[in-house]
Amino acid sequence: MEGMAGQKSSLTWVVNISAFLLVLLWTIPTLGLFVSSFRDRDQIAASGWWQSFSAAEATGFVRTGTDADAVQVDGRYVIEGTVLEGEQDLVGWGIRAREPAAFAPGEMTEIEDGWQLTVNEDGSYRLVSDAPFEMRRGERIFTTTTVPPKFTTGNYQRVLTAEGLGRAFMNTLTVTIPATVIPILIAAFAAYALAWMEFPGRALLTAAVVGLLVVPLQVALIPLLRLHNELGIGKGYLGIWLAHTGFGLPLAIYLLRNYMVGLPREVIESARVDGATEFQIFRRIILPLSFPALASFAIFQFLWVWNDLLVATVFLGNTREQLVMTGVLRELMGSKGGEWEILATSAFISIAVPLIVFFAMQKYLVRGLLAGSVKGG
Amino acid sequence: MELFWLAVSTIAIGVFGCVAWFWGSNMVLDAVYPPRGPRAGDNIRKASMIRPWLFLGPAILFLGLYLVYPVFDSLWRSLHNSDGSRFVGPGNYIWALGDGKFRESMLNNMLWLLVVPALATLFGLIAAQLTDRLKWGNIGKSLIFMPMAISFVGAGVIWRFIYEYREAGETQIGLLNWIVTRLGGDPQIWLTLIPWNNFFLMIVLVWIQTGFAMVILSAALRGIPEETIEAAILDGASPLQVFFRIKVPQIMGTIAVVWTTITIVVLKVFDIVFVMTNGQWGTQVLANLMYDWMFRGTPDYGRGSAIAMVLMILVTPIMIWNIRNARKEGR
């Protein structure tokens with residue numbers, strides 16, 4: 001597509017820049033969460049995460065002490081204290097909200113009735129008056145401060161222990177692994193039968209699997225919940241494993257069948273001629289050759305089960321001990337809507353494992369997607 | 001730790017059970033119809049008629065019990081009252097037509113159907129074309145593809161952080177409001193901003209699905225025969241013309257597949273709405289409405305099933321289209 005020599009370089013630039021912008025746009029949301037999970041509560045509230053790498057400037061105010069705090073020094077009345085907390089640095093201060101940096105640290109100003117106010121660089125202030133102070137609330141001192149960029153892993157420690165995410169992590173793992181392994185086994189045998197065995201009704205069954213691919217989960221919720229109750233399975237791990245196995249099977253059979261159909265006919269035929277039983281062919285030839293397709297489905301199912309909220313809420317209980325990570329996250333969004341250090345950290349823990357799996361096994365994921373969709377076109 | 005052993009033993013039992021079934025049933029079959037002796041030919045024929053069903057047995061059982069039976073059970077329940085004790089005919093469907101929340105959900109679902117597949121496919125196509133010949137194209141693709149691995153709930157948290165609102169004058173920590181205030185606007189509570197809040201929810205799904213569209217369309221673009229493109233360039237077509245007149249028409253089939261696949265995801269959209277607005281402020285959708293009726297104080301299984309059946313009816317055309325395509329290909 002690179003045509004004329006003159007246009008080429010400018011076009012390349014346009015393509016590079018627009019591609020970069022697009023990638024940036026798609027990455028920024030996750031990056032924001034990731035950065036925020038390493039900032040503490042006050043920092044998150046004080047500045048946007050995109051400003052977290054430079055010293056954050058913030059404005060605020062403190063009230064001075066009142067009459068009760070005043071002490072007499074050399075016949076004058078003095079109130080002392082500090083306007084800074086933590087690791088803030090004072091940039092400027094003022095006595096009106098509109099001008100939070102009217103004075104430099106160390107300067108002195110006169111508030112009404114001959115009260116003199118000094119705020120020093122270390123944050124200490126000194127309010128001096130010749131007459132006793134008469135005020136019910138302290139005077140407001142407005143400050144402009146900076147906080148040096150600071151990152152912490154404290155959020156992770158807190159979330160994993162106090163917020164119960166460690167437990168939820170184990171629960172999610174307990175749900176996910178059997179729910180990934182069992183459908184693969186069942187589907188592999190079925191896919192082999194659909195791909196390489198002759199029997200009446202084969203075309204119909206294959207069509208049924210394709211049809212079942214799109215059945216909305218919602219249709220199955222109420223009937224299965226009642227079925228599980230009647231069978232005595234109730235709400236619990238067994239129920240959710242079975243449910244995920246059922247819901248994952250159409251895709252598993254479909255992917256594996258499509259892949260197995262493409263395996264070389266000669267290999268299977270010659271094994272049959274040599275007297276191998278179907279079971280031997282399946283175990284010795286089909287399974288090893290189908291590894292890429294098995295891996296593709298395993299990743300799909302793993303990601304889907306790990307990330308699922310609906311099936312877990314319906315088929316697993318909602319007590320604190322039973323919640324999976326998406327469930328905890330949802331609960332936190334309700335109860336700690338404003339505590340972004342908790343939310344960001346919890347969210348990041350819950351998406352960390354899928355992201356690792358994603359980046360490590362991307363090749364198989366892409367292959368599976370292509371097998372599932374492009375052929376249909 | 002107890003849980004760990006429960007999980008391990010279940011995997012063991014599950015895997016062992018499956019293997020035992022397949023292996024054992026094959027053994028039995030071979031014992032009943034031994035493929036040797038005087039009637040070997042007859043036995044092999046009989047055994048090979050039964051064997052496929054042994055291989056398919058567990059799958060058919062699961063598919064039947066967990067997907068086929070529920071469709072019919074839902075249909076039955078949707079024609080009955082809240083606890084299934086009384087037949088009400090089409091009563092639940094008639095109720096739905098007159099219910100404000102149901103109408104809102106239908107309308108919103110339609111809106112989602114129009115916007116999300118279109119935008120995700122469009123962005124996917126652009127991303128696929130842009131990153132195609134770049135040196136760092138694969139890294140770029142990975143990053144655009146990444147949201148696919150993130151749960152809808154996780155994405156909900158990520159985007160709620162972007163939409164976060166602080167009162168005017170305070171430091172805006174949500175990216176969107178920060179940009180808006182920087183440009184001189186007033187900060188908004190985006191998620192309660194009717195009717196635009198629907199679009200703010202849709203953006204989340206577009207963000208997730210674009211990577212999927214990109215991966216598939218990128219493969220399709222690479223499959224286009226080089227000659228057609230070279231011929232167009234020789235005829236003096238501009239890069240844009242090559243893209244829109246030569247490339248896009250050749251991958252229309254794949255675009256349709258991507259579009260319908262995302263359509264299915266959109267129809268069933270639940271988690272995003274559930275965790276971000278829970279259907280308040282005019283953002284209700286069918287899947288969340290169904291969940292509502294299923295889990296409110298006194299669940300109404302009749303109405304919940306009716307809503308689920310509406311979803312089922314909506315996916316049916318795509319189901320038929322998929323089956324047709326699959327059969328065409330199988331021939």
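Student: At what angle do helix α7 (residues 237-261) of chain A and helix α2 (residues 40-78) of chain B pack, and how far apart are their axes?

Tutor: This is a predicted model, and in it the two helices pack at an angle of about 115°, with 9 Å between their axes.

Student: What kind of crossing does α7(A) make with α2(B), left-handed or right-handed?

Tutor: Left-handed: that is how α7(A) passes α2(B).

Student: Which residues of α7(A) and α2(B) meet, and what makes them count as being in contact?

Tutor: The cut-off is 7 Å between C-beta atoms placed from the backbone. On the α7(A) side you get, among them, A:Phe247, A:Leu249 and A:Ile253, and they meet a set in α2(B) including B:Phe62, B:Leu63 and B:Tyr66.

Student: How do the residues of that contact divide by class?

Tutor: Into 11 nonpolar, 2 polar and no charged.

Student: Zooming out, how many residues does each chain put into the contact?

Tutor: Chain A gives 92 residues and chain B gives 96 residues. Helix α1 (residues 5-36) supplies the largest share of chain A's side, 14 residues. By class, that side has 67 nonpolar, 22 polar and 3 charged residues.

Student: Residues 110-131 of chain B are annotated "transmembrane region" in an unreviewed UniProt entry. What is the span made of in the model?

Tutor: The span is 100% helix and 0% strand, with its end C-alpha atoms 32 Å apart. Residues 199-221 of chain B, also under that annotation, are likewise 100% helix, with ends 30 Å apart.

Conventions
Residues numbered from 1 in each chain as written. Chains lettered and ligands numbered in written order. Predicted model: local features only at pLDDT ≥ 70, side-chain atom pairs only at ≥ 80, totals over all residues. Contact = placed C-beta atoms within 7 Å. Helix = DSSP H or I, 4+ residues; strand = E, 2+ residues; numbered from the N terminus. Nonpolar A, V, L, I, M, F, W, Y, C, P; charged D, E, K, R; others polar. UniProt positions renumbered as here; feature names shortened; annotations may be inferred. Axes fitted to C-alpha atoms, helices over the stretch in contact; angles between N-to-C directions. Left-handed = near helix turned anticlockwise from the far one by under 90°.
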